[in-house]
Amino acid sequence: MGVKPLSPFDLSIAACLLIVLGLLSRRLKLGLEKQLAVSALRTTVQLLLIGQVLRVLFAHASLAFVVAISMIMLAVAGREVMARQHRRLRGSQGWLLGTGSMFISSFSVAFIALAVIIANDPWYTPQYAIPLLGMLLGNTMNGISLSMDRMTETLWQQRQLVEQRLLLGETGSEATAEIRRQAMRSGMIPIINSMAAAGLVSLPGMMTGQILGGSSPMDAVKYQILIMFLIAAGTGFGVMSAMWLLTRKLFDDRDRLRLDQLQSSS
Amino acid sequence: MNDLQVSDLFFQSRGPYTFRIAPGQVAGLQGASGSGKTLLLRAISDLDPHQGQVRLGDMAREQVPAPIWRKTVAMLPAESFWWFDAVGDHFQVPVQDIEGTLQQLGFEPDVLCWEVSRLSTGEKQRLAIVRLLQNNPRALLLDESTASLDAANIECTETLLLDYCRLQQVPLLWVSHDPQQLERVADDQFYLESDGTLQGVRGGRHGR
């Protein structure tokens, strides 16, 4: 059983719902109608574009092509991590830090999954590699941006407390251990919660898609379990390395708290 | 016995500052608010980037890791901060090592079991002194350290800090808004002008 194709007319019916929502938002003075329109437009254009790219990619499964697409995805995810920070590292170092952490975690986890667990021939078969990496990057990006934001915000608020600890002879890493732990937790809680609720409260998106696409529910479920584990591991490793790198950036070689490395986004 | 030598200290377009505090001597520092007294202490304890040298005896600051330097040349900020729930968790030494200090400041050893949230500002500040002295510092930098205390507590705090300074022969830099306090405690006095220049004061209250 194949998936029933959607016509542009079908999609425009769904779009009407958004128009109603936009009108309501204006009526209630939520001020969201512009954002709603832009986001809806972005989702349409971006997904149509990636559809075209994937169509070409699946037709010519070359490693170079897969790597190129992955790098673009990584760069965009890195930009997104930066954009979500209220106080971000100055210059390109914040982008590098987020991107580096995502690279370490998402790419290594994706590689293990593709080469060892799924073990297609070739291992980089784009039908598997690109969606898998996409899901990993998306979730790791969320986790890393949440925890970085939490860490910089808490440090900003508690700078006097942290400096008090430095004055008593603690290193930067010791003085921020608890703040770092909290930040790591806040980055990992969403995926832990969604693992706990999976199947009971919500049917995860990928599994829903597979079932709609005609896979047997049990096959879809097994893939979903795999994805959940990969996402949890990828997010966890990504958050940990981001926090480690961020601590190193925010303290200099004399263990001084350098909040001047941060700039406010507003 | 080590003196504290500050030479050509320069930070945030202030300075250069050069002075020396002998072992067992108290240097009092006054100044207009915003003149950079706290910044000066922060630079000496290496909490802010700066240029210039600071030495304690023959130990140059660059020779030791920053946490060791800050334990040795210890700064007490105007406001104290606490991060664990219980007072005692902030102390790493056995209770008998700090019992005497606690008693001098009017605490029984069971204060270590108290919750920090129950402490008054003044109690926190006095306990912060005990917390600072547990590291056995070889120089002290006090930044308005008695501002939150009442008269009786100011007296026992001054006595404790002066005794520590004399007995251990450590140099002490005492920043205060209160000219009378500096009259009582300081051997030498300095005044930090609002433009950041440091003036020596010879005895008596400074006229500004």
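Trainee: Why is Tyr17(B) called buried?

Mentor: Tyr17(B) has a relative accessible area of 2%. Buried means under 20%, exposed over 50% and partly exposed in between, with a 1.4 Å probe and protein chains only, so Tyr17(B) is buried. Keep in mind that this is a predicted model, where local features need pLDDT of at least 70, side-chain atom pairs count only at pLDDT 80 or more, and totals for chains, interfaces and linings use all residues. Residues are numbered from 1 along each chain as written, chains are lettered from A and ligands numbered from 1 in written order, and side-chain values use heavy atoms, leaving out hydrogens and water.

Trainee: Which parts of the chain does the pair link?

Mentor: Distant ones: Tyr128(A) sits in helix H5 (residues 126–157) and Tyr223(A) in helix H10 (residues 217–250) of chain A, 95 residues apart. Helices (H or I, at least four residues) and strands (E, at least two) are DSSP runs, numbered from the N terminus.

Trainee: Why do Tyr128(A) and Tyr223(A) count as partly exposed?

Mentor: Tyr128(A) is at 32% relative accessibility and Tyr223(A) has 28%, so both fall in the in-between range.

Trainee: What about Phe11(B) and Tyr17(B): what kind of aromatic pair do they form?

Mentor: Tilted again, at 5.8 Å centre to centre and 35° between the planes. Phe11(B) counts as buried at 3% relative accessibility.

Trainee: How do you know that Arg87(A) lies over the face of Trp156(A)?

Mentor: Arg87(A) is at 4.0 Å from the ring centre. A charge sits over a ring if NZ of Lys or CZ of Arg is within 6 Å of the ring centre and within 35 degrees of the ring normal.

Trainee: What makes strand E7 of chain B mostly covered?

Mentor: In strand E7 (residues 139–143), 5 of its 5 residues are buried. Side chains in a regular strand alternate between the two faces of the sheet. On one side of E7(B) you find Ala139(B), Leu141(B) and Asp143(B), on the other Leu140(B) and Leu142(B), all buried.

Trainee: How do you know that E7(B) pairs with strand E6 of chain B?

Mentor: Two strands pair if DSSP finds at least two bridges between them. E6(B) (residues 73–76) and E7(B) have 4 bridges, in the parallel sense, so they pair. Met75(B) stands opposite Leu141(B) there.

Trainee: What joins E7(B) to strand E8 of chain B?

Mentor: Again 4 bridges, with E8(B) (residues 172–175) running parallel to E7(B). Leu141(B) stands opposite Leu173(B) in E8(B).

Trainee: And how many helices and strands does chain A have?

Mentor: Chain A comes to 10 helices and 2 strands. Its C-alpha trace spans about 70 × 55 × 35 Å along the principal axes, and 38% of its 266 residues count as buried.

Methods: Phe/Tyr/Trp six-rings, centres within 6.5 Å; stacked < 30°, edge-to-face > 60°.
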